[in-house]
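Please open the structure in a viewer and keep the selection panel at hand.

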Amino acid sequence: MTETTLSPRRDAQICALIGTGHFLSHFYVLCLPPLFLAWRAEFDVSFAMLGLSVALMSGVTALLQTPVGFLVDRHGARPYLVGGTLLMALSIAAMAFVTDYRLILVLAVLSGVGNSVIHPADYAILAGSVRKEFMGRAFALHTFTGNLGFAMAPPVIATLLLVMDWRGALLLVGLLGVPVVGAILLQSRILSDQPKARGPKPEGGARLLTSKPILAFFAFFLLSAMAGSGVTAFLITVLGVLWATPVAIASVALTGYMAGATGGTLVGGWWADKKGGNLLGFVVVLTGISMALILSMGMVDWGQWLLLPVAFAAGLCLGASRTPRDVMLKEACPPGEVGKVFGFVSAGLPLGSAIMPVPMGFLIDLGFAWAMLPTVAVLLGLSLLCAGAARGLSAPAPRMQPAE
């Protein structure tokens, strides 16, 4: 058996390589906020300017994912993955040496450029490298490592700041990307690009992305992210306003929700591989359960002991529905088009997360805190309509039987 033979061991190696890069891409986004107080003292800038660093990094990533996806599909994913990961990491490391905050913003943009490569390149490589029967779990591990990067960044940076200054902390975490790039280069022989279409392509790239199935998937991802950002941004506030839940208890509930959502991706990946079949039905049922549990937190005072399991179950069901969503999108991609499709559709995730916090905040300011969780449930319901439309529109038309 050669090293490139399809095998569980090879799947594990691929997921480890791709997942580590995905972990860093999410880690780098949230490694900056813990430094804001130090930067404010160092550079004497406003909190709005400090927030601009994260906004620029995330915004550039979202904007460039689709064009990078076109390049990945045309030229292959591996060189872009190596270059993007290296640029992302070295830009963070270079922040350790700046003396003018404006250079922080420039480097945040450059890191966002590198980060924009991750989603289209990762999914294109997974589509071409992993066994079909492991694809759901591969997508689940990809999502899991990204979420883990978000979760680990603040405590890791906070811990590093106890033993070194902010410059040392950024230099250290930035340089962590260099061995990751080295590992990708050393193991690149096991990373295969997505299979290409044989013969002429059925439609151009722009036409594909504006087709009804792909737009429906984009709306599915966008609405899901809008709902999720509403919960993560204001669940603590809403529980406090509605039920006078102490901040500590509400924070534990939110942590439980996020832990459930992260672990649920692994459950969804296992289901997609082992059970398969009606992925849309699985998504609908679990999202429906999550909707009911989220609504219940706004209608029932669960108390100190029941709130955590309810929030955890809501997150678990929602997280488990997300990996089948990714698998459905992959199945809807024409051969050789995974990079641009995932680059475009997954841009709905940061866009959705950016849209909702301000309107949700206005709802609470106007005295309608009770309406926040129902709004989240409505958004999830709308996302299911989009999921059904996407699945139906992307299903192959039945072949006509010849006349007798």
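The model is predicted. Begin by selecting Lys340 and Asp73, whose side chains meet in a salt bridge with an N to O distance of 2.9 Å. Lys340 belongs to helix H16 (residues 338–346) and Asp73 to helix H3 (residues 47–75), so this pair ties together parts that are 267 residues apart in sequence. Both Lys340 and Asp73 are buried. The structure holds nine salt bridges, and two further ones are visited next.

Select Asp273 and Arg137. Their side chains also meet in a salt bridge, at 2.7 Å from N to O. Asp273 lies in helix H12 (residues 247–274) and Arg137 in helix H7 (residues 135–163); the pair links distant parts of the chain, 136 residues apart. With a relative accessibility of 17%, Asp273 counts as buried, whereas Arg137, at 23%, counts as partly exposed. Salt bridges with shared partners also join Asp11, Arg131 and Glu133 into one network.

Are the two partners buried or exposed, wholly or in part? Arg131 has 16% relative accessibility and therefore counts as buried; Glu133, at 45%, counts as partly exposed.

Eleven of the twelve residues of H6 are buried, so the helix is largely enclosed by the rest of the structure. Among the buried residues of H6 are Ile118, His119 and Asp122.

With a relative accessible area of 3%, His22 is buried. Which residues does His22 touch, not counting residues up to four places away in sequence? The contacts of His22 are Ile118, His119, Asp122, His142, Thr143, Thr145 and Gly146.

Now select helix H2 (residues 36–43) and colour Phe36, Trp39 and Phe43, which are buried. They cover an arc of only 60 degrees around the axis, which places them on the same side of H2. An α-helix has 3.6 residues a turn, so residues three or four places apart point the same way. On the face of H2 turned away from its buried side, look for the exposed residues Leu37 and Ala41. The buried residues of H2 pack against H3, helix H5 (101–115) and helix H8 (166–175). After H2 comes Asp44, which has a positive phi, near 55 degrees.

Centre the view on Trp39. Not counting residues up to four places away in sequence, Trp39 touches Leu32, Asp44, Val45, Leu50, Ser53, Met95, Tyr101, Ile104, Trp166 and Leu170.

Finish with the largest nonpolar core, which contains 116 residues. Which of its residues touch the most other members? They are Cys31, Leu32, Trp39, Ile92, Met95, Leu170 and Met297. Helix H11 (residues 212–243) contributes the largest share of this core, 16 residues.

Technical notes: Residues are numbered from 1 along each chain as its sequence is written. This is a predicted model: local features need pLDDT of at least 70, side-chain atom pairs count only at pLDDT 80 or more; totals for chains, interfaces and linings use all residues. Side-chain values use heavy atoms; hydrogens and water are left out. A nonpolar core is a set of buried Ala, Val, Leu, Ile, Met, Phe, Trp, Tyr and Cys residues joined through side-chain atoms within 4.5 Å. Buried means under 20% relative accessible area, exposed over 50%, partly exposed in between (1.4 Å probe, protein chains only). Helices (H or I, at least four residues) and strands (E, at least two) are DSSP runs, numbered from the N terminus. Contact means heavy atoms within 4.5 Å. A salt bridge is a side-chain nitrogen of Lys or Arg within 4 Å of a carboxyl oxygen of Asp or Glu. The arc is that of the directions from the helix axis to the C-beta atoms.
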